[in-house]
Amino acid sequence: MHGYLLFVGKRALLMFAVIFFGISAMFLVTYLSPIDPVEQVLGRLSARSNLSPEAIASTREALTAMFGTGQPMHVQYWNFWTRLIQGDLGASLMAFPTPAMELVMRGMPWTLGLLLTSTVITFIVGNLMGGLAGYFQNNRFFKAFGIVTMGLQPIPYYIVAFIILVIFGFLWPVLPISGGFSMDVRPSWTMPFILSVLQHSLLPAFSLVLVGLGGWFIGMRALVSNIVTEDYVTYAELAGVKRETIVSGYVMRNALVPQVTALAMVIGGVFSGTIITEQVFNYPGMGSLLVDAVNAGDYSTVLAVCTVSITAVAFAIFIVDLLHPLLDPRVRTE
Amino acid sequence: MTRDSKPDLLKVEGLKAYYQMNYYGVEREVRAVDGISMNIKRGEVYGIAGESSSGKTSFIKVLAAAIRPPLKVVEGTVKYEFKNGPIEVTTASKAQVEDVRWKHLSYIMQGSMSVLNPVRRIGRTFKDFAQRPLGLTGAAFEARVVSHLARLKLPPEVLKAYPHELSGGMRQRVTIGLATVCHPEFIIADEPTTALDVVVQKEVLSLIRDIQKEMDSSVVFVTHDMSVHANIADRVGIIYAGRLVEEGPTRQMFFTPRHPYTAHLVASLPRIGDTTQRPALEGRPPNLADPPQGCRFHPRCPLAVDKCRQEVPPLETVDVDHRTACWRWQDVKPLVGSAHPAGVMA
Amino acid sequence: MFAVFRDLIRYNLEFAIGLVLVGIMVIFAALSFFSPVDPTLIYMAIPDQPPSAQYWFGTNSRGQDLFWHLSAAFRNSLGFGITVAVLSRIISISVGLAAGYLGGWVDRVLMFINDIFVAVPIFPILVLFYFVLRNNMDSFTMALILACFGWPFDARLIRSVALGLKHREFTRHAVFAGMSTRKVLLEEHLPYVMPIVFSTFMNNMLWSIGMEVTLAVLGFTNINNPTIGTVLYWANSHSAMVVGTWWWIVIPVILIVMTFLGLFLLAVSMNEYIDPRSRLRRMGA
């Protein structure tokens with residue numbers, strides 16, 4: 001029990017360090033940039049006449065409060081954190097007067113849903129297939145599966161998503177390629193809406209799964225082909241322990257420990273992939289919001305998306321880390 | 001000893017097992033086991049000795065019916081006469097081998113640190129290994145395991161522990177328990193005492209001996225440590241470069257070795273009160289991918305003559321149960337006088 | 001070194017295919033040095049011509065000969081990938097060797113920092129950089145930023161090798177002979193980690209070029225600099241798939257897939273080759 005608490009403490013420390021470091025980096029990027037963010041943004045805004053004067057005034061107020069020009073760095077840094085902790089990053093410029101944080105919170109369930117389902121599917125399928133391919137090394141089906149997924153793995157997220165978009169958008173239009181749900185259903189907890197959401201999430205999730213599978217497949221196959229030479233596996237085979245028990249309880253079970261550690265390490269990267277996929281499929285999550293905000297020069301929303309992403313990823317990693325001691329009894333007693 | 005009256009449990013004839021490999025265009029054939037014949041009787045403890053990479057591990061892999069590529073049996077037979085019928089492991093089907101595993105033929109693997117699944121409780125491992133061969137379930141199975149563990153002086157709580165929570169000696173006793181819980185007729189023990197400290201070693205040895213006597217099983221005991229053989233084996237066989245070079249009753253092997261290699265192994269044992277410096281054996285064991293002509297020991301043998309370099313010596317019977325493969329066995333003298341080897345049972 | 005190459009080509013199909021693919025792409029990229037047109041200029045050729053004898057890869061809606069344009073784009077992207085890989089290798093070697101060899105609190109601190117870098121999602125930060133710098137964000141700035149985030153995985157790998165080297169006989173000899181820590185690391189340990197450095201080099205290139213493509217496609221880089229990503233950006237902004245100039249999309253995508261597969265195969269086969277277990281099997285031990 002003591003070992004478990006120690007482990008959780010260490011991981012929590014890491015989580016806070018990641019959030020602290022990531023957000024400080026955000027501050028530094030804006031602080032050290034040769035261009036004054038406030039003036040740069042406002043300069044570009046005043047060139048556009050379709051924005052109301054209140055919107056511009058409100059942005060100026062929020063930005064000066066955060067990056068208060070003329071004040072020493074540590075004061076600005078302090079102000080920056082104070083606003084962040086209050087969750088107040090000012091009103092969004094694109095959707096004035098909606099607070100930027102509210103926009104992010106609206107997008108978050110979509111992104112997290114996509115991230116969660118695709119990660120779970122990818123992790124399970126990739127590891128299962130990789131593990132079986134590592135154990136049954138001469139099986140043709142697993143070999144073929146491996147070649148396909150490994151071929152897809154190095155291709156950038158964007159290209160894979162784009163190829164899928166072309167296939168399902170132009171060549172074989174059977175699935176919706178854009179949006180989070182159909183225009184003709186109203187967002188509510190009803191069957192048609194849920195079905196529509198699922199249908200719309202298929203392609204984005206599918207493209208994320210395709211790209212992600214290869215990594216897990218390769219990792220698990222390599223791990224398993226090492227573990228099958230471990231003494232405890234050879235010994236169990238010598239003892240005539242059932243095949244299924246050996247594959248699941250001895251080989252895969254042991255390979256799962258490093259794979260869960262790896263899961264924590266790739267979440268950040270998968271998050272980036274989700275953002276890109278959303279953009280390709282016009283999915284209403286944080287990724288699309290980020291791109292729109294950049295194009296609209298909406299400083300508050302860009303900062304809000306970045307802050308929430310860093311925090312969410314750090315928290316997700318922490319949750320995955322908590323699984324580790326449950327899988328590996330050695331961590332618990334250390 | 002009444003050994004002679006007992007029937008053979010294992011018959012090995014002309015066994016050849018090679019590693020055949022091909023990596024990046026380099027083809028290799030390692031003749032790990034190159035023509036070994038021997039019999040082991042019911043209720044006998046047979047010690048196998050030899051340096052590392054002498055082929056002894058490959059040999060017992062074949063005995064344990066654990067033959068898998070790149071190891072391949074090229075020639076010969078390995079036949080067991082179990083109570084439920086005979087089995088020839090080099091040709092037996094998978095199902096036939098499964099049938100005798102653990103119930104009749106069991107194995108104590110080298111390195112107790114790594115033979116237990118680190119993420120499984122000991123109790124689960126016992127279930128995986130022994131439930132099917134024992135044919136017991138639930139409380140009956142549990143009771144059987146607990147009573148067996150008690151015989152090994154292990155508390156029942158061990159079943160709830162993970163391997164890393166046990167000490168080295170306890171873990172070794174657990175693996176012995178795992179291998180013997182089904183009361184097998186034939187136990188193969190591969191270096192079960194290496195890497196243990198001397199006190200635990202002694203305990204483990206007497207444990208194996210006790211269990212063997214109680215169940216009247218045969219044990220093949222593999223170790224490079226001659227003093228362990230002196231303590232436990234009825235007969236000892238010496239393997240050098242893939243061949244059996246000498247076998248005989250333990251006392252004879254220690255006091256009147258008939259092969260220069262055995263004489264050397266025995267001489268290198270420490271003896272109480274002996275302070276003379278012993279000569280080390282020159283050279284290295286031969287490369288099994290390209291073994292020397294004739295007697296494989298000749299490059300390192302102090303007695304080697306021309307004949308040894310050209311002709312392979314046959315395994316000749318020189319005394320009751322005592323065979324050796326040496327052209328000059330009559331000239332082999334024990335390297336040390338009559339000082340008593342430490343621990344040899346009188 | 002030459003013998004290793006020969007063996008790999010002869011007995012490792014993956015390596016041979018990877019080498020051919022990467023070789024083709026490198027030659028293609030190198031052709032840009034002999035380009036008859038400046039790839040950054042527009043309306044130098046008749047727009048929207050399908051592939052033909054005159055324009056092998058066709059021309060795009062901006063009047064660029066796609067063959068020469070793509071050649072320059074691949075040169076820029078490969079150069080970008082190599083820059084990031086070299087810079088991030090320097091960081092990962094320094095951190096990995098120092099953490100592994102020095103151990104103790106240095107190791108703990110470095111690995112903690114390492115874990116932080118692994119966990120921070122880089123994409124939003126890159127976007128923020130672009131948002132702040134706008135057109136001041138040239139390829140080199142971006143390469144620097146990516147290099148700052150591209151080292152932690154490999155540093156951990158190098159550290160694990162360095163940990164093993166620390167207790168080896170030759171290290172102790174070097175230390176007793178009075179070698180400075182810096183010298184021990186550079187002269188004694190660096191050669192051992194070089195194989196890892198090479199194989200992670202390709203993986204790192206894959207990652208950084210992929211990031212560049214992603215940012216460029218969204219328009220978040222200097223879109224006037226021809227790269228793999230900006231080619232796709234312009235194709236998208238001219239709705240190439242919709243108006244029927246399919247070659248503007250299909251040809252770059254095929255070339256990208258070739259490049260990525262080639263680099264990936266090289267990394268995988270080299271990884272297998274340097275893996276100590278497969279090396280043992282090769283030597284027959």
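In chain A, 73% of the contacts between residues at least 6 apart in sequence join residues at least 24 apart. Two residues are in contact if their C-beta atoms, placed from the backbone, lie within 7 Å. The model is predicted: local features need pLDDT of at least 70, side-chain atom pairs count only at pLDDT 80 or more, and totals for chains, interfaces and linings use all residues. Residues are numbered from 1 along each chain as its sequence is written, while chains are lettered from A and ligands numbered from 1 in the order in which they are written.

Chain A has 13 helices and zero strands. Helices (H or I, at least four residues) and strands (E, at least two) are DSSP runs, numbered from the N terminus. Of the 334 residues of chain A, 45% are buried. A buried residue has 20 or more other C-beta atoms within 10 Å of its own, again with C-beta atoms placed from the backbone.

Chain A meets chain C through 41 residues, which contact 32 residues of chain C. Helices α1, α7, α10, α11 and α12 of chain A each supply at least two residues of this side. The most come from α1(A), with nine residues. By class, the side of chain A that touches chain C holds 33 nonpolar residues, eight polar and no charged. Nonpolar means Ala, Val, Leu, Ile, Met, Phe, Trp, Tyr, Cys and Pro; charged means Asp, Glu, Lys and Arg; the others, Gly among them, are polar.

In chain C, helix α5 spans residues 122–133. Of its 12 residues, 11 are buried, among them Phe123(C), Leu126(C) and Tyr130(C). Arg134(C) follows α5(C) and has a positive phi, near 50 degrees.

Technical notes: The expected span of a helix is 1.5 Å times one less than its number of residues.
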